[in-house]
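Hi everyone, thanks for coming.

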Amino acid sequence: MIRLGSNSPTRAKILRSFNIDFIQNGGNFDEDSIRTTNPKEFCFMATKGKFEELYSKYGIEDMPLLVADSVVTCEGKLLRKAKDFDDAKSMIELQSGNKTSVISCMIFKSKELELIDISITSYDFMEFDKKDIENYIKSGECFGKAGAIMVEGFCKPYIKNVIGLESTAMGLSIEKLIPFL
Ligand SMILES: Nc1nc2c(ncn2[C@H]2C[C@H](O)[C@@H](COP(=O)(O)OP(=O)(O)OP(=O)(O)O)O2)c(=O)[nH]1
C-alpha cells in the first residue's frame, strides 16, 4: 500500500490500471509560489514542494509516499493547467500542428529508498480540427490537465510522432516506479 500524495484523478487511474494499492491524500502546495519559468525546474520544484508538504504531514512510517507534478512546454513556453476557457483555447491552438513536450517529475520515498525521476514525452501533433477544439473545450476535459491537452483522448488522433512514455504524458511515469514497488 502506498500514499498517493496527489489530488489527480489521472494519477489515481494510472495506479489502479497497474493494480497498485494506494490511498489518495492530495496536498495544497501553492505552485504560484515558484518563481522560475524554466519548465523542467518548475516541474521539479513543484514536486519537491508537494513532497515536503506531505512528507511533514504524513511521514512514511505507515506507508511510502508518492508525489508528482506535470507541466507542458511548447515553443519554450511553460504551460500549466488552463485557468479559463480562453487560456485553454490559446494553449491548445499553440500546440496544434506543433511539437510539444510533457514533463512529469515524481518523488517516491519509502523506508528503503527515495526515487526522484524527471521524464519527458514529446509529441509532434497534426493541426487540430477547429470543431474538435471547440467540442473538447466545451466538454471541460481540457481543465485540470497540464497544457490543457489529453494525450489519451482529444490529442490521440492527431499524434504524428511520439517519443517517450504515454504515462509520463498523462502525469505519472509508472513504468519507472514499478521496479521499486
Ligand atoms: N487524463 C490526462 N491527464 C493529464 C494529461 N496530461 C496531464 N494530465 C494531468 C495530470 C495532473 O492531474 C495534471 C497536471 O497538474 P499537476 O501535476 O499540478 O497535478 P494536479 O494539480 O492534478 O494534482 P496534484 O498537484 O498532484 O495534487 O494534469 C493527459 O494527457 N491526460
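**Around the ligand**

Let's start with the neighbours: 20 residues surround the ligand, with S6, N7, S8, K50 and K81 the closest. Here, a residue counts as near if one of its heavy atoms lies within 4 Å of the molecule. Please keep in mind that this is a predicted model, where local features need pLDDT of at least 70, side-chain atom pairs count only at pLDDT 80 or more, and totals for chains, interfaces and linings use all residues. Residues are numbered from 1 along each chain as its sequence is written, and side-chain values use heavy atoms, with hydrogens and water left out.

What does the shell contain, by class? There are seven nonpolar, six polar and seven charged residues. In this scheme, Ala, Val, Leu, Ile, Met, Phe, Trp, Tyr, Cys and Pro are nonpolar, Asp, Glu, Lys and Arg are charged, and the others, Gly among them, are polar.

Now look at the oxygen atoms of the ligand. A polar side-chain atom of K81 lies 2.4 Å from one. For N7, a backbone N or O atom is 2.7 Å from a ligand oxygen. E31 takes part through its side chain, where an N or O atom lies 3.0 Å from an oxygen of the ligand.

How much of the ligand does the protein bury? Alone, the ligand exposes 610 Å², and the protein buries 93% of that; these accessible areas come from the Shrake-Rupley method with a 1.4 Å probe.

Notes:
Polar contact = N/O pair within 3.5 Å; in protein donor to acceptor, adjacent residues only side chain to side chain.
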